[in-house]
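Biologist: I have a model to understand. Where do we start?

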Amino acid sequence: MELTGAQILLESLRREDVEVVFGFPGGAVIDIYDQLPNYPLKHVLARHEQGAIHAADGYARASGRVGVCLVTSGPGATNAVTGIATAYMDSVPVVIVTGQVPTPLIGNDAFQEVDIVGITRPCTKHNYLVKDVRDLARVIKEAFYLAATGRPGPVLIDLPKDVQQAKCEYKYPKTIKMRSYNPTYAPNLKQVARVADVVRKAKKPIIYAGGGVIASGASEDLIWLARTYDIPVTATLMALGCFPADDPLWLGMLGMHGTYAANLAISHADLILAIGSRFDDRVTGKLSEFAKNAKIVHIDIDPTSIQKNVAVHIPVVADCKSFLAALRQSLAAAPAGAAAEDTPPAAGRHASWLERIDAWKAEKPLTYAADSKVIKPQHVIEVISRLTKGQAVITTEVGQNQMWAAQFYQFTRPRSFISSGGLGTMGFGFPAAIGAQMACPDRLVIDVAGDGSIQMCIQELATAVCYDLPVKIVILNNGYLGMVRQWQELFYAKNYCATCLDVAPDFVKLAEAYGAAGYRLTDPSQVESVLAEAFALPKTVIVDVVIDREENVAPMVPAGKSITEMILV
Ligand SMILES: Cc1ncc(C[n+]2csc(CCOP(=O)(O)OP(=O)(O)O)c2C)c(N)n1
């Protein structure tokens with residue numbers, strides 16, 4: 001059967017079981033939009049391409065499926081770049097289709113021409129410029145495969161207008177062969193046996209979990225390992241939710257705004273099991289001081305991330321879930337010639353290590369000075385956590401709001417915390433919440449926002465209202481670009497240059513103007529009742545919470561310092 005390029009694209013999306021495409025039209029994709037109503041695909045019209053790509057990203061993070069985004073050439077494509085880089089830094093599988101000027105015009109500075117393949121080369125896992133319609137079906141198949149396998153990431157397909165219009169015989173490939181791309185899922189069993197050995201012998205082990213645990217669906221296996229072998233767990237921002245926050249083995253997040261207990265425990269550990277985490281500088285602090293006494297085991301599906309930042313004693317290239325399954329088997333088998341105390345390492349084995357950790361937890365827990373007159377942001381997050389029993393999908397913007405959400409929400413399940421960790425993109429949270437709500441229609445989705453960040457993609461209120469999405473936005477409104485103000489307070493002698501948001505919209509009226517509901521909270525005693533009422537409303541809601549203006553996020557490790565050097569108030 002002969003199809004046009006536009007039809008081939010849409011038919012192939014259908015075969016990939018794509019249910020929703022987030023997009024924004026233009027001349028260079030009008031042929032695709034012309035065909036769209038003929039296919040069983042839901043299209044969500046964002047109000048800005050950045051909103052579309054963040055929504056596709058949020059959809060992917062919440063569902064574990066590939067998110068899809070469709071934008072036009074030129075400014076449509078460049079508007080999506082921030083979102084593409086955001087997905088790339090956090091290893092999120094998305095396929096982005098961009099329109100392109102007709103092939104004969106490429107390189108001629110044609111109207112709305114931009115070299116998006118060149119621009120996105122450093123921030124996509126792979127990208128394609130399709131010049132011949134006969135390549136298109138294969139390219140789409142490859143793009144979905146590349147996005148979702150190995151270390152996931154964004155893949156871009158640039159599709160010139162004449163290729164969308166050209167016709168060819170359609171056959172969607174069943175399988176793909178890519179000679180140079182063969183991700184390793186199963187670990188080397190000798191390495192696994194070495195890991196089992198160090199796990200048996202460790203006196204002060206710690207699990208340092210990263211986003212790879214969530215991406216590979218390894219949470220259950222990780223919980224099993226921690227509980228069976230009595231190993232405390234800390235996690236990066238990207239991995240929150242991979243281990244239940246109410247478990248006594250949970251230490252909280254580590255790093256720049258990590259807990260006192262997590263930062264001290266990793267610094268005193270004799271064994272670090274780094275599972276699907278990449279030793280980001282926000283986690284390690286000053287590298288030369290990081291975990292000096294520990295043997296480091298690093299499991300990552302991406303071989304290039306091993307030995308990149310820290311020297312690793314046992315490297316394991318593998319999918320986290322496959323690794324944990326193999327480790328379980330290896331631990332179950334008695335090691336040859338092992339001393340009695342080495343096998344099996346039963347629960348209770350690390351009692352003195354855990355006692356020490358409990359003392360750190362008790363000494364400096366996450367805390368704040370409660371106040372009856374002014375609303376504390378940490379209190380707001382605690383209330384959200386209680387009202388939702390840790391079951392909501394929480395997206396965040398970037399800044400203090402993001403860190404308070406990470407610290408004070410008690411996550412109980414994976415894919416529940418959706419935040420721009422690697423790139424730190426203000427404006428991410430709200431459109432990501434739209435995508436997450438599309439993926440999880442039955443869950444409560446809440447964007448925890450700052451008054452600065454929310455203004456970066458505020459136009460997506462129209463999208464949320466248009467599709468009846470009951471997303472909640474809780475703005476922690478401090479009238480500042482709070483996190484930058486905090487740095488200025490602590491390290492730049494309170495020189496609050498360009499961080500005071502003197503003029504801001506009335507967010508309640510703004511919500512109403514878009515057809516959403518709006519609440520304003522100023523009284524600490526009403527936080528619980530107003531949030532409960534807002535969460536119960538089956539529509540898009542903004543809750544503008546006027547908080548203590550100069551509240552800081554603590555602990556804080558100053559940039560370049562060791563993670564044991566925390567500012568604690
Ligand atoms: C697109 C973008 N621009 C600038 C920054 C730098 N930045 C990081 S946090 C922050 C302040 C955020 O302010 P707000 O959204 O009000 O949140 P708060 O920190 O007050 O919770 C800024 C400007 C960024 N992360 N992303």
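Modeller: With one term. A crossing of helices is left-handed if the near helix is turned anticlockwise from the far one by less than a right angle, and right-handed if clockwise. This model is predicted, so local features need pLDDT of at least 70 and side-chain atom pairs 80 or more, while totals for chains, interfaces and linings use all residues. Residues are numbered from 1 along each chain as its sequence is written, and side-chain values use heavy atoms, without hydrogens and water.

Biologist: Which hand has the crossing of H16 and H22?

Modeller: Helices here are DSSP runs of H or I, at least four residues, and strands are runs of E, at least two, numbered from the N terminus. H16 spans residues 377-388 and H22 spans residues 527-536; their axes lie 10 Å apart, at about 50 degrees. Axes are lines fitted to C-alpha atoms over the stretch in contact, with angles from 0 to 180 degrees between N-to-C directions. The crossing is right-handed.

Biologist: How are H16 and H22 oriented to each other?

Modeller: Under 35 degrees counts as roughly parallel, over 145 as roughly antiparallel, 65 to 115 as roughly perpendicular, and the rest as oblique. The angle is about 50 degrees. H16 and H22 are therefore oblique.

Biologist: Where is Lys-389 found?

Modeller: Its phi is near 50 degrees, a positive value. Most residues other than glycine have a negative phi. Lys-389 sits in the loop between H16 and strand S15 (393-396).

Biologist: What is the omega of the peptide bond from Ala-554 to Pro-555?

Modeller: Pro-555 lies in the segment after strand S20 (541-546). The bond is cis, with omega near -5 degrees.

Biologist: Which helix gives the largest share of the shell around the ligand?

Modeller: The shell holds 17 residues (a heavy atom within 4 Å), with Gln-400 and Gly-482 among the closest. A polar side-chain atom of Asn-478 lies 3.0 Å from a ligand oxygen. Helices H17 (400-408) and H20 (482-491) each give two or more residues. The largest share, three residues, comes from H20.

Key: A polar contact is a pair of N or O atoms within 3.5 Å; within protein, one must be able to donate a hydrogen and the other to accept it, and residues adjacent in sequence count only if both atoms are side-chain atoms.
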